[in-house]
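I opened my notebook beside the structure.

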Amino acid sequence: MRAYPRPLARLIEELEKLPGIGPKSAQRLALHVLRASAEEAAALGEAIREVKEKVGTCRVCFNYSAGDLCDLCADPQRDDSLLCVVGDARDLMAMERAGGYRGRYHVLQGLIAPMEGAGPDSLRIAELLSRVREGQWGEVILATNPTVEGEATAMYIAGLLKPLGLKVTRIALGLPVGGDLDYADDVTISRSLEGRREV
Amino acid sequence: MRRVRAYRVSSLVIRHRNLSEADGIVTLYTRERGKLSAVAKGVRRARSKLAGGTQLFCHAQMQLAAGRSLEIVTQVQPLEVFYHLREDMRRYAHASYVAELLDSLVHDESPDPPLFDLMLATLRGLDNGGDPPTLVRGFELKVLARLGYGPEMTHCVICSAAIGAGKAGFSIAQGGTMCGRCANAHGAAPLAPAALRAMREMVELPPEELAKRRIAKAVGEELERILRPFVDYHLARPLRSAEFLGS
């Protein structure tokens, strides 16, 4: 059986380790890299090297950051009285993409999931509590996913924050925009009824 | 090519994992087919019609289709979402433990409707405000008995003498109760008469009744000390949710 030259085979092997990339996709990507210009290939290699070297987590909010402080924490324009708690950095990006929110964030780096062995101690909950105690917050918004893990985590955090005497809110749960009432489960429908508003 | 055929099941979601960009893999315990895994496509999108009924612990009517390796969820009608399990960390952790225990004890596609009913009643009990330790110890005893791993509770596992109200012991390795004399001779842990009575009663009680009971704290602690390692003894690997509950 003929094989690819060793360096090419190695690139295919490495690409195959990426999520969602099977042997065929890996082969296609590797051949693409091989056919690309030397500059393009070098840029890809450099980008991969740089992301591991330079990106860490923000010491305040635990978002991904290229420095000690992430851009959001360093931004003096953001509202220091609002704190939004999210499960991971992708949720933060979703909130930012939507616009509308101008406060600060706190990234938990996960959700409480007993079956995955993820308890409160493996998340940034202790850091959240000390941050809340030290700051002048008017409101903490719990914006974890509306899944079992996300809800349970939000409820748990709410229980810890309430005694500190500040306003703790949960993002609205209900029907998604463009959704279908007929397919919604009972809890979603009753939540959307509870959260109804006058028009 | 294999013909895609759809079928309906009553199911409980005992595990939910993310798959690729927007999909999920659910492990279901179904009344009709036992345990099976299915792909729920697009379930993490906000507008997914499958999202509601494929959440962890959800009791639902599902339509599944045979896929290449895993089944595919095609329709879901959620029946009970057990919302209170999310509002209380203790209930959430106990429900997770029960789900993980069932997942690790049963094999794929070996249907057992009474076991389905037990799981459903246990989740209902945990959701409805039943006492978590009572429900979970009862679940452990019943599921082990159902699958043939149940501990001996009436006779001595060494000398076969009937266990009365007197001194008794419990041996995990020997699989159950020991009379006072054998317990001494083999160094088995002592078992209080109240704990033994509770065990015998729990294994007999219908699961719906368990949700109305509350075992005394001391009895509950003793049963946990006995049953948790007994359960682990029959499992290939320790349960993560058990470590979570212990911490």
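**Entry on the domains of chain B**

I noted at the start that this is a predicted model. I looked up the domain assignment of chain B. It gives domain 1 as 6-81 and domain 2 as 84-244. I then checked the spacing of the two. The centres of domain 1 and domain 2 of chain B, taken over C-alpha atoms, are 29 Å apart. In their contact I found 19 residues from domain 1 of chain B and 24 residues from domain 2 of chain B.

**Entry on their interface**

The size of an interface is often given as the accessible area lost when the parts come together. I looked that value up here. Domain 1 and domain 2 of chain B bury about 2000 Å² between them. Carbon and sulfur atoms hold 59% of that area. Which residues of domain 1 of chain B lose the most area to domain 2 of chain B? I found Tyr29(B), Lys35(B) and Phe57(B), together 38% of what that side buries. I also looked for charged pairs. Across the interface of these two domains of chain B there are 5 salt bridges.

**Entry on one salt bridge**

I picked out Glu80(B) and Arg124(B). Their side chains form a salt bridge, with 2.7 Å from N to O.

**Entry on chain A**

I turned to the surface of chain A. Val51(A), Val55(A) and Tyr64(A) make a nonpolar patch of about 300 Å². I followed up Tyr64(A). It lies in strand 2 of chain A, residues 64-65. Is Tyr64(A) buried or exposed? Tyr64(A) counts as exposed because its relative accessible area is 58%, and the cut-off for exposed is over 50%.

Technical notes
Residues numbered from 1 in each chain as written. Chains lettered and ligands numbered in written order. Predicted model: local features only at pLDDT ≥ 70, side-chain atom pairs only at ≥ 80, totals over all residues. Heavy atoms only, no water. Patch = residues over 30% accessible without salt bridge, like charges linked within 9 Å, V, L, I, M, F, W, Y side chains within 5 Å. Areas by Shrake-Rupley, 256 points an atom, 1.4 Å probe, with all protein chains shown as cover. Salt bridge = Lys/Arg side-chain N within 4 Å of Asp/Glu carboxyl O. Helix = DSSP H or I, 4+ residues; strand = E, 2+ residues; numbered from the N terminus. Buried < 20%, exposed > 50% of the residue type's maximum accessible area, 1.4 Å probe, protein only. Domains from an automatic or database assignment. Contact = heavy atoms within 4.5 Å. Buried area = accessible area lost by both parts, 1.4 Å probe.
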